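Subject: Structure for your files

Hello,

Here is the structure I said I would pass on. My notes on it follow below the entry.

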Amino acid sequence: MEKMSRVTTALGGSVLTGRTMHCHLDAPANAISVCRDAAQVVVAGRSIFKIYAIEEEQFVEKLNLRVGRKPSLNLSCADVVWHQMDENLLATAATNGVVVTWNLGRPSRNKQDQLFTEHKRTVNKVCFHPTEAHVLLSGSQDGFMKCFDLRRKDSVSTFSGQSESVRDVQFSVRDYFTFASTFENGNVQLWDIRRPDRCERMFTAHNGPVFCCDWHPEDRGWLATGGRDKMVKVWDMTTHRAKEMHCVQTIASVARVKWRPECRHHLATCSMMVDHNIYVWDVRRPFVPAAMFEEHRDVTTGIAWRHPHDPSFLLSGSKDSSLCQHLFRDASQPVERANPEGLCYGLFGDLAFAAKESLVAAESGRKPYTGDRRHPIFFKRKLDPAEPFAGLASSALSVFETEPGGGGMRWFVDTAERYALAGRPLAELCDHNAKVARELGRNQVAQTWTMLRIIYCSPGLVPTANLNHSVGKGGSCGLPLMNSFNLKDMAPGLGSEARLDRSKGDARSDTVLLDSSATLITNEDNEETEGSDVPADYLLGDVEGEEDELYLLDPEHAHPEEPECVLPQEAFPLRHEIVDTPPGPEHLQDKADSPHVSGSEADVASLAPVDSSFSLLSVSHALYDSRLPPDFFSVLVRDMLHFYAEQGDVQMAVSVLIILGERVRKDIDEQTQEHWYTSYIDLLQRFRLWNVSNEVVKLSTSRAVSCLNQASTTLHVNCSHCKRPMSSRGWVCDRCHRCASMCAVCHHVVKGLFVWCQGCSHGGHLQHIMKWLEGSSHCPAGCGHLCEYS
Amino acid sequence: MRLATVANEAYTAPLAVSELLGCKQCGGGRDHDEELGIRIPRPLGQGPSRFIPEKEILQVGSEDAQMHALFADSFAALGRLDNITLVMVFHPQYLESFLKTQHYLLQMDGPLPLHYRHYIGIMAAARHQCSYLVNLHVNDFLHVGGDPKWLNGLENAPQKLQNLGELNKVLAHRPWLITKEHIEGLLKAEEHSWSLAELVHAVVLLTHYHSLASFTFGCGISPEIHCDGGHTFRPPSVSNYCICDITNGNHSVDEMPVNSAENVSVSDSFFEVEALMEKMRQLQECRDEEEASQEEMASRFEIEKRESMFVFSSDDDEVTPARDVSRHFEDTSYGYKDFSRHGMHVPTFRVQDYCWEDHGYSLVNRLYPDVGQLIDEKFHIAYNLTYNTMAMHKDVDTSMLRRAIWNYIHCMFGIRYDDYDYGEINQLLDRSFKVYIKTVVCTPEKVTKRMYESFWRQFKHSEKVHVNLLLIEARMQAELLYALRAITRYMT
């Protein structure tokens with residue numbers, strides 16, 4: 001211990017300088033090790049064994065230890081280590097199982113000192129004792145660890161790992177007699193060098209091989225291990241049982257791990273496969289590496305901190321045949337690139353939002369907007385000043401709740417459950433869905449369905465509507481020319497739809513012009529006129545009329561601020577354009593500022609006027625000239641779908657997509673469709689509408705979506721005899737060795753759908769039972785029960 | 001009307017003839033018309049293996065609890081208890097891992113659709129003309145809804161699968177030639193390209209079925225009763241003699257000459273075992289003393305590698321595949337080619353630079369989760385499996401022998417272990433054994449019963465099956481190593 005500190009103080013005087021640099025080696029490196037003077041590094045590999053001097057600007061080759069005429073496997077190094085006490089002493093582990101020591105002080109060209117050929121298989125690791133000059137430890141694939149005294153010709157003691165391959169051996173820095181060894185089966189053993197008969201302690205650290213370990217330079221008993229299971233674990237060995245203190249999950253198997261000097265919680269890792277970077281982790285922040293070095297083009301095979309008391313210089317060797325010096329200040333810091341904002345919906349429309357504290361504070365001036373209807377709740381995590389990235393990663397979490405009464409998503413569930421998506425002619429589907437939407441008070445949606453029906457189905461009855469009347473009306477309201485033209489155009493077409501609600505428009509125009517508080521009354525009027533079926537033939541009226549119904553059915557939307565917002569999204573707002581537009585922009589702004597979120601599409605439509613005026617135009621054309629092919633509208637329908645999706649009503653987009661099928665599919669690119677499908681399915685699943693979601697999956701034409709219900713189709717069942725879960729197969733019980741479900745018709749085991757009678761509990765293959773019950777009403781098992789299949 | 005009847009008769013007559021003369025095994029027979037009435041098939045072979053007498057093999061019904069569970073698993077997973085399972089059950093520990101892996105590869109979550117998996121199995125087995133596996137998987141393929149048209153040949157399969165044909169070919173016969181260009185070609189083929197995960201799945205399937213084909217031939221697995229060649233409609237009195245039995249040397253019924261041969265050589269083979277054990281003892285003891293020089297060690301590997309090319313059975317004549325599976329290959333001429341026979345030099349693959357445990361496993365597990373673990377377990381069990389017996393001797397440490405076999409196979413594929421003295425192989429494996437190993441691993445379709453019987457004559461059948469397990473796992477690992485190294489190189 002004393003020696004050690006003396007050495008370091010002696011070295012502490014000189015200040016290390018240098019820059020990030022690399023040099024090309026002739027061959028891939030397997031391991032590197034640094035001399036205690038921090039000015040030289042040795043690189044070893046299958047066909048390279050050289051010492052480089054680390055200078056200010058570059059690496060300079062100082063010595064090539066691979067001498068001799070013929071290449072020998074003794075020089076094919078799996079590992080190399082430089083003695084931390086003696087500058088002239090090195091040891092290498094050869095792939096053929098030989099341990100070689102090298103004495104740089106030898107006068108001859110060949111510096112090879114001693115050869116230990118005791119291991120039968122590849123030696124994976126060699127390690128010098130940190131304070132003892134002559135003690136060398138090796139760990140080999142043959143399952144043995146051997147301790148050599150360099151003054152003797154063969155090993156002093158042999159430690160057996162019970163024929164499990166040893167991947168790493170490391171002397172403890174603090175405890176003179178202790179060393180740790182790691183094994184291919186995931187175990188870590190602690191040995192006392194004086195007791196070769198049995199290990200002091202053994203525990204399973206990883207799942208699969210443990211490739212490396214490293215003792216903490218200061219904290220007694222801290223051991224970091226890295227394994228093939230992609231984890232780095234920090235163990236506290238001072239307690240009675242080895243305790244896992246930290247665990248870092250990396251993205252690839254961990255080949256090397258080295259504690260960073262002078263930084264208690266930092267360690268560097270590199271990977272054996274796939275990932276070429278070197279990471280420096282703060283073990284308390286296991287998700288984002290503190291620093292990252294990305295210089296290498298192939299896997300890094302060896303890392304070493306240049307000086308045991310300098311945390312800023314890291315050396316590394318790689319399979320890409322290069323040797324690198326990394327400077328900590330040049331490292332890339334993933335934290336800087338990380339996005340510390342997070343956003344998540346709760347099931348009931350709550351929204352949680354986490355952002356950098358500074359950002360939230362800056363926006364606090366706008367809080368009044370959020371205060372009235374939705375209630376933001378702010379959380380702030382208590383910060384530990386000692387923790388890393390404190391400045392970078394502190395964030396505030398805000399939760400916005402939807403108003404309990406605002407019940408948000410009920411319409412979504414209802415719609416999803418009641419929509420018909422297939423199995424009937426297009427016209428019927430559209431009508432059905434329009435009806436559903438209307439009943440739920442979603443008039444714009446209902447209108448859209450009606451329009452789709454008109455566009456894609458033959459117009460059917462076209463009543464000769466009162467052209468003059470509408471024009472006259474329009475004129476009387478002072479509509480611009482354009483609008484009146486539209487009206488004229490569509491007059492013959494709107495037909496049955498229009499006729500139903502003809503009179504509403506009158507009432508409606510009043511309503512809007514007056515005040516929304518009058519809605520309820522006018523609405524009642526509407527109902528009456530509708531029933532009486534007076535041929536008032538005001539064409540545009542129907543839409544606005546329905547708008548009123550919305551308020552009736554959906555009272556929570558009747559906020560005074562809202563009608564103006566809702567109005568524009570109606571399909572036929574043109575007549576009131578002049579009236580409606582002025583309050584629009586103001587209101588828009590309000591909307592944008594208030595951070596409320598709600599699924600109900602009524603809140604969100606601000607683009608509606610533009611869009612619906614388009615659709616109006618199209619309808620009128622279609623009906624004016626019914627020879628136009630439906631393709632003519634596909635662009636508009638596509639826009640419409642996009643519009644709904646943009647609004648957040650992906651339900652509508654997907655439903656229309658499914659129902660129209662080939663008619664529109666080609667106009668919308670695959671990815672968008674897939675995106676819609678997946679988001680709708682996701683929503684459905686959040687609301688636990690499994691049947692609907694499966695139907696959507698089934699009806700979807702996108703390959704990526706329709707294969708969704710092909711994956712993870714495992715169903716867990718219990719045995720009907722012993723009530724235990726049948727783990728391996730669904731139809732044979734492991735415990736009582738009986739087939740749990742036999743078909744009463746064919747007497748075979750049922751592996752798929754099993755249907756059974758709840759009366760007599762006999763059953764079998766769905767098809768078989770169905771077929772059986774067609775011909776007979778008695779149970780196929782012959783129990784005499786009269787089974788029913790519905 | 002009359003004409004038609006005559007024509008009918010004219011057609012049926014040759015049918016009946018071919019019925020008598022034809023052989024199911026070589027596809028000589030024809031399907032039976034309804035008019036011939038229902039006929040009851042009889043099993044053709046004698047038990048699950050042509051090489052192992054039926055009485056040596058465990059009878060279904062007499063198994064212990066563990067084996068019973070395994071049978072149940074196998075039956076539940078495959079819907080049958082195939083002959084491979086019945087032979088492998090000599091080693092239940094391995095069988096369990098084998099079935100688990102196979103089940104996962106074929107039926108559990110994975111990037112490839114089910115019918116693709118079976119089709120790849122068919123492709124792989126067809127490379128070795130293994131009609132047994134092809135037949136099994138044709139059934140499975142159709143069962144999971146595969147398109148029967150694909151079975152008319154690889155050119156009828158989707159382009160994506162056709163692209164895999166080249167890799168299949170190289171992997172089966174000369175895996176050391178796989179380069180990252182092969183991988184790149186598969187991954188970047190526009191709309192027919194494979195994803196990395198799919199490719200790894202495919203590679204695992206290919207290697208699995210290449211090696212399983214080795215096992216099928218190596219243990220002389222008999223065709224299943226429901227497959228072509230597994231049954232006969234001929235009355236038992238008619239001799240089972242068929243031309244294809246001769247060419248393959250598989251005399252399934254006439255055991256007389258074999259028995260006499262055994263009688264003659266009983267004393268010989270007894271000494272063989274003794275000699276082998278003596279050699280193992282010697283190697284164990286005097287390993288340290290006769291320390292070979294480095295050059296010596298290196299040259300021993302080269303010698304072994306070179307020699308492995310010449311240990312071919314003398315009857316090297318090409319058996320042209322007369323079975324319908326031949327439609328699956330494009331060029332039959334592309335077979336196993338030895339390393340330097342044609343002056344081709346292949347750099348040695350150093351296992352210390354790319355090994356399964358460190359590199360292959362990580363890659364597979366990354367791209368096809370859980371499978372790496374399953375295969376890893378299977379390799380471990382196969383490599384470490386031992387009962388500490390050798391023929392009539394008990395308590396023998398066979399690790400040296402097992403390692404010699406394993407490394408010899410890898411040596412044939414050019415894979416070298418730095419820490420192994422290849423001189424040991426020469427000491428432990430005699431020529432007839434080498435011939436058998438070489439044939440099973442490289443050209444399994446040429447294995448004959450004579451080869452099976454001529455090595456290790458005194459050893460039990462279970463031990464010979466054990467050898468086969470080592471062979472197929474070592475082969476699978478070798479192919480996987482080359483394929484995965486190419487993928488790794490592509491990725492970096």
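**Between the two chains**

Chain A and chain B are joined by five salt bridges. Please keep in mind that this is a predicted model.

On the side of chain A that touches chain B, the residues divide into nine nonpolar, 12 polar and 12 charged. The contact draws on 33 residues of chain A and 30 residues of chain B. Together the two chains bury about 2800 Å², and carbon and sulfur atoms give 49% of that area. Polar contacts across this interface come to 11 residue pairs.

One salt bridge pairs B:Asp358 with A:Arg167, with the closest N and O atoms 2.5 Å apart. There is also a network of salt bridges that links A:Arg46 with B:Arg350, B:Asp353 and B:Asp418.

**Salt bridges inside the chains**

Side chains of opposite charge can pair when their charged atoms come close. Over all chains the count is 35 salt bridges.

In chain A, A:Lys125 forms a salt bridge with A:Asp79, and the closest N and O atoms are 4.0 Å apart. This pair links distant parts of the chain: A:Lys125 belongs to strand β10 (residues 123–128) and A:Asp79 to strand β6 (residues 77–82), 46 residues apart. Both A:Lys125 and A:Asp79 are buried.

In chain B, B:Glu377 forms a salt bridge with B:Lys100, with 3.7 Å between the closest N and O atoms. Here too distant parts of the chain are linked, since B:Glu377 is in helix α14 and B:Lys100 in helix α4, 277 residues apart. B:Glu377 counts as partly exposed because its relative accessibility is 30%. B:Lys100 has a relative accessible area of 43%, so B:Lys100 is partly exposed as well.

The pair of B:Lys449 and B:Glu453 is a local one. Both residues lie in helix α18 (residues 449–454) of chain B, four residues apart, or about one turn of the helix.

**Helix α14 of chain B**

Helix α14, which carries B:Glu377, covers residues 371–384 of chain B. This helix has 14 residues and reaches 20 Å from its first C-alpha to its last, close to the 20 Å expected at 1.5 Å a residue.

The buried residues of α14(B) are B:Val371, B:Gly372, B:Leu374, B:Ile375, B:Asp376, B:Lys378, B:Phe379, B:Ile381 and B:Ala382. What covers them includes five helices of chain B: α4 (92–107), α9 (196–218), α13 (356–367), α15 (399–412) and α19 (461–491).

**One glutamine in chain A**

A:Gln673 sits in helix α21 (residues 670–686) of chain A. With a relative accessible area of 1%, A:Gln673 is buried. What does A:Gln673 touch, leaving aside its neighbours within four places in sequence? The residues in contact with A:Gln673 are A:Leu657, A:Arg665, A:Ile668 and A:Thr701.

Regards

Methods:
Residues are numbered from 1 along each chain as its sequence is written. Chains are lettered from A and ligands numbered from 1 in the order in which they are written. This is a predicted model: local features need pLDDT of at least 70, side-chain atom pairs count only at pLDDT 80 or more; totals for chains, interfaces and linings use all residues. Side-chain values use heavy atoms; hydrogens and water are left out. Helices (H or I, at least four residues) and strands (E, at least two) are DSSP runs, numbered from the N terminus. The expected span of a helix is 1.5 Å times one less than its number of residues. Buried means under 20% relative accessible area, exposed over 50%, partly exposed in between (1.4 Å probe, protein chains only). Contact means heavy atoms within 4.5 Å. A salt bridge is a side-chain nitrogen of Lys or Arg within 4 Å of a carboxyl oxygen of Asp or Glu. Buried area is the accessible area (1.4 Å probe) that two parts lose on being put together, summed over both. A polar contact is a pair of N or O atoms within 3.5 Å; within protein, one must be able to donate a hydrogen and the other to accept it, and residues adjacent in sequence count only if both atoms are side-chain atoms. Ala, Val, Leu, Ile, Met, Phe, Trp, Tyr, Cys and Pro count as nonpolar, Asp, Glu, Lys and Arg as charged, and the others, Gly among them, as polar.
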